[in-house]
Amino acid sequence: MTKLIGQRAIASLLSLLALLVLVFFLSRLTGDPTSLFLPIDASQEMRDQFRALHGLDDPLLVQFGRYVWDLIHFDLGDSIRKARPAIDVVLEAYAWTLPLALVTMSLVVAAAIVIGSLAAFHVGGFFDRFASVVSLIGASAPDFWIAIVAIVIFSINLGWLPTSGVGTPWHWILPVAVLFIRPFGLIVQVVRGSMLAALSSLYVKTARAKGVKEGKIIFIHALRNAMLPVITVIGDQAAAMLNGAVVVETIFGFPGIGKLMIDSILQRDFNVVLAAIMVTAIAIFLMNLLIDIAYSLLDPRIRH
Amino acid sequence: MADYLLSVRNLSVRFHTARGAVDAVRSVSWHVDRGETLAILGESGSGKSVSASAIMNLLDIPPAEIVSGEILFGGQDLLKLSREERRRINGKRIAMIFQDPLGHLNPVYPVGWQIAEIMTAHGSKPEDARRRCLELLTRVGIPDVDNALRKYPHQFSGGQRQRLMIAMALALKPDLLIADEPTTALDVTIQAEVLSLLRELQAETGMGLVLITHDLGVVADIADRVVVMNHGEIVEEGSPRDIYHNPKHAYTKKLIAAAPGKGEIPAGEPEADVLLDVRSLSKGYGDFTALKEASFTLRRGQTIAIVGESGSGKSTLARSILRLEPADSGEARWKGRDLLKMPPRELLAARRQMHMIFQDPTQSLNPRMSVYQIISEGWDIHGLMPDRAARRDRVTELLVQVGLSPEHALRYPHQFSGGQRQRIAIARALALEPELIICDEAVSALDVSIQAQVITLLGRLREELGISFLFIAHDLGVVRDFADTVIVMKAGEIVEQGPTLQIFDEPRHPYTQRLLAAALDPDPDVQEGRRQAAATPS
């Protein structure tokens, strides 16, 4: 297990470095932040001063060398816009995205397993149809549209929930609900399919011949096997959510990593963009590792 | 009547399918007593497993429907009991083992847990169950019992897995054990061991044993009584001896006539020119030696059978000759030219002269190609027969030659039965007019009667077209009927080769002797003689 983790860590470190190089130079291609930060009528002197202050007057390679040097010393630079360490800005945003992703994914996984299993027991029954409808909505309706419709209905017409912002638990309900739909629709179908396969498997037949109770057959024999393909899809969806939900965060004014990322790209706040990408990459790496570990815990054939 | 351990009376089961209702069994009645072994003999689709599934409440209802009948066990009709009442009988009083123990064991739980579960499900305490597990595993002959309990199904061999299934089924000393094709997936020597284990355990416990099989040899070896099923009906019932020597029903007669391994053994090797000369062929996968210094010579018109158990290197030998896998060393001369060193263009031409037929025609025929496309594909690959009309005529000719009709050309593989699909595969092989056909277990998946027909067909083609065969098989009966030379392989090595007559009559290598001794004879008298000979080693 430790060997697996070590190999993964090294492979991920390499891709992280490649990503770093790519993003560093690509983001510089978008232009110079100076013109965005200073008023249009700023004098050339002020512009030069700004460039010198942020090291933008050096050749690109020198800038890159300096960045890497600071990085080795765990310094990711400062945010130009906020005049604070970029890493602080990013971690602050992550402190919002992480619980959002965690809460949403927990609800998605729990609901998908229960409803997907129920759908598999009664194909064509109520839960099967419910799952189909949600999957269809998730696959076909864009989330910004769902978000806006939800705001119109629940916040404006009914007045039950706040339209945007954070602060009270009420503020979380709409973003979580909107983010819930697509991964739930996907995962519930995978659960349903693999549960159907597991229930018609030969080992379930053996369990019936052994006289094992139906509940144990379903939740002990079938479910653990059915979870194997599900875990992979959960990993994909969770990784996507760790990236931040750009659209949903923007619509609900939720100060998460997705919103921060898009804002800092538009403002050419390069250090924040790079820090955000690195933190996200590490989070996704840990996520994948977690999935691999879960997989090998569930399936002994992977372990041996 | 009520004295029987279990009796099935007038059972009719119907399956409601997309193509309409199918009567799987029609008014079937049979019974089994304590200490008795009843064999239910039949081919695929005969309904032989359906009554067992009904006993164990394993039928999916719907699509299945129990139209009529009763299953009497312990004075009550199982079909009238509640789900919960039947659950309490399953595993405790009636247990079942299956054909494919890998699929029937849950892959994600340790086997010890799975065996203990049958006991805890019926109220045993976990520590008692664990103790009994150790006892059971020792009894069925699993080595290193303490560690074995913690292992998972995939860590055992096929034979061991079936022993584990048996241990599990017998944990609560059931009154009746139902075994559905328990040895079909196993090698002959393992099959013999498992059957004798079942026999011993039955003698110890006095349980009734219902054995569902397609194999006359298994019936001859172990059954006290046999019922023969065909198309959902029982056509004949009696002792294995009566059935074998005096079959009354036409179907039983056909089945017994089709059993391989009874005719004259083909004698003599043809003195024709050498077609294929294999010298010191070796192949390894990492540390594992799959093939070690294999050498043999195949002459024109000759049929060489390669026999051996799973993992003995039979298929690796064939695949290395065809260069489907690169060999490590050695040579395989085809008409004097080494196939292993041939440049690609020459190899393509040489491959046209040899063709392979695989075990499972369902998988080896592309389901989205019509029979016409399947048969003519080889001509496209080799740029032959550009004229469409000539192609159509030739496909028609080939279909007739393998016993199908011309109108079959436009159909797709799923519209055919297993035997017919193998005929299509043979027609495809013949399309390129090969000089050598390599059959890799080509008849193993077929029912006995179909298998006999396919062997007859191959024999006819050999005579008419002078084709040579490399015939890979594990069924010695088929080999005895079809081959003139036999190569016996074990652990990647050829341990013995010679004329069929010599191998069967005077096997020299101890492994060949063991293999022949383990093979089951469909004649109950012959089989009893063999069993006694095996019990008292000379």
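Visitor: Which residues of strand β16 of chain B point one way, and which point the other way?

Guide: This is a predicted model. In a regular strand, side chains alternate between the two faces of the sheet. In strand β16 (residues 354-357) of chain B, B:M354 and B:M356 point one way, while B:H355 and B:I357 point the other way. All of these residues are buried.

Visitor: To which strand is β16(B) joined, and how do the two run?

Guide: Strands of a sheet pair through backbone hydrogen bonds, and the pairing is either parallel or antiparallel. Here β16(B) runs parallel to strand β17 (residues 436-440) of chain B, and 4 bridges join them. One of the paired residues is B:I357, whose bridge partner in β17(B) is B:C439.

Visitor: In what order do the strands of the open sheet of 6 strands stand?

Guide: The order is β6-β7-β8-β3-β9-β10, with every strand from chain B and the pairing mixed. Strands β6 (94-97) and β10 (233-238) of chain B form the edges, since each pairs on one side only. From one strand to the next, the twist averages 20°.

Visitor: How do β9 and β10 of chain B run, and how many bridges join them?

Guide: Strand β9 (residues 225-230) of chain B and β10(B) run antiparallel, with 5 bridges between them. As an example, B:M229 has B:I234 as its bridge partner in β10(B).

Visitor: Which strands does helix α7 of chain B lie across?

Guide: Helix α7 (residues 158-169) of chain B lies across β6 and β7 (176-180) of chain B. The helix runs at about 175° to β6(B).

Visitor: Why is B:S280 classed as exposed, and why is B:K335 classed as partly exposed?

Guide: The class follows from a count of neighbouring C-beta atoms within 10 Å: 12 or fewer means exposed, 20 or more means buried, and partly exposed lies in between. B:S280 has 12 other C-beta atoms within 10 Å and is therefore exposed. B:K335 has 14 and is therefore partly exposed.

Visitor: Which residues touch the most other members of the largest nonpolar core?

Guide: That core has 197 residues, and B:A305 and B:F471 touch the most other members. Helix α8 (residues 170-199) of chain A gives the most to this core, with 10 residues. A second, separate core has 18 residues, including A:I87, A:V90, A:A275 and A:A276.

Visitor: What is B:A305 in contact with, leaving aside its neighbours within four places in sequence?

Guide: B:A305 is in contact with B:F471, B:A473, B:V479, B:F482, B:A483, B:V486 and B:I487.

Visitor: How many helices and strands are there in chain A?

Guide: Chain A has 14 helices and 0 strands. Its C-alpha trace spans about 85 × 55 × 30 Å along the principal axes. Of the 304 residues of chain A, 31% count as buried. Among contacts in chain A with a separation of 6 or more, 70% come from residues 24 or more positions apart.

Visitor: Into which domains is chain A divided?

Guide: Chain A is divided into domain 1 (2-72) and domain 2 (86-303). Taken over C-alpha atoms, the centres of these domains of chain A are separated by 33 Å. In their contact, 14 residues of domain 1 of chain A meet 12 residues of domain 2 of chain A. Helix α1 (residues 2-29) of chain A gives the largest share of the domain 1 side, 10 residues. By class, that side has 9 nonpolar, 4 polar and 1 charged residues.

Visitor: How many residues does the contact take from chain B and from chain A?

Guide: The contact takes 23 residues from chain B and 18 residues from chain A. On the side of chain B that touches chain A, the elements giving two or more residues are α2 (83-89), α3 (101-104) and α4 (111-120) of chain B. The residues of this side divide into 10 nonpolar, 8 polar and 5 charged.

How values were computed: Residues are numbered from 1 along each chain as its sequence is written. Chains are lettered from A and ligands numbered from 1 in the order in which they are written. This is a predicted model: local features need pLDDT of at least 70, side-chain atom pairs count only at pLDDT 80 or more; totals for chains, interfaces and linings use all residues. A nonpolar core is a set of buried Ala, Val, Leu, Ile, Met, Phe, Trp, Tyr and Cys residues joined through C-beta atoms within 7 Å. Two residues are in contact if their C-beta atoms, placed from the backbone, lie within 7 Å. Two strands pair if DSSP finds at least two bridges between them. Axes are lines fitted to C-alpha atoms, for helices over the stretch in contact, and angles run from 0 to 180 degrees between N-to-C directions. Domain bounds come from an automatic or database domain assignment. Ala, Val, Leu, Ile, Met, Phe, Trp, Tyr, Cys and Pro count as nonpolar, Asp, Glu, Lys and Arg as charged, and the others, Gly among them, as polar.
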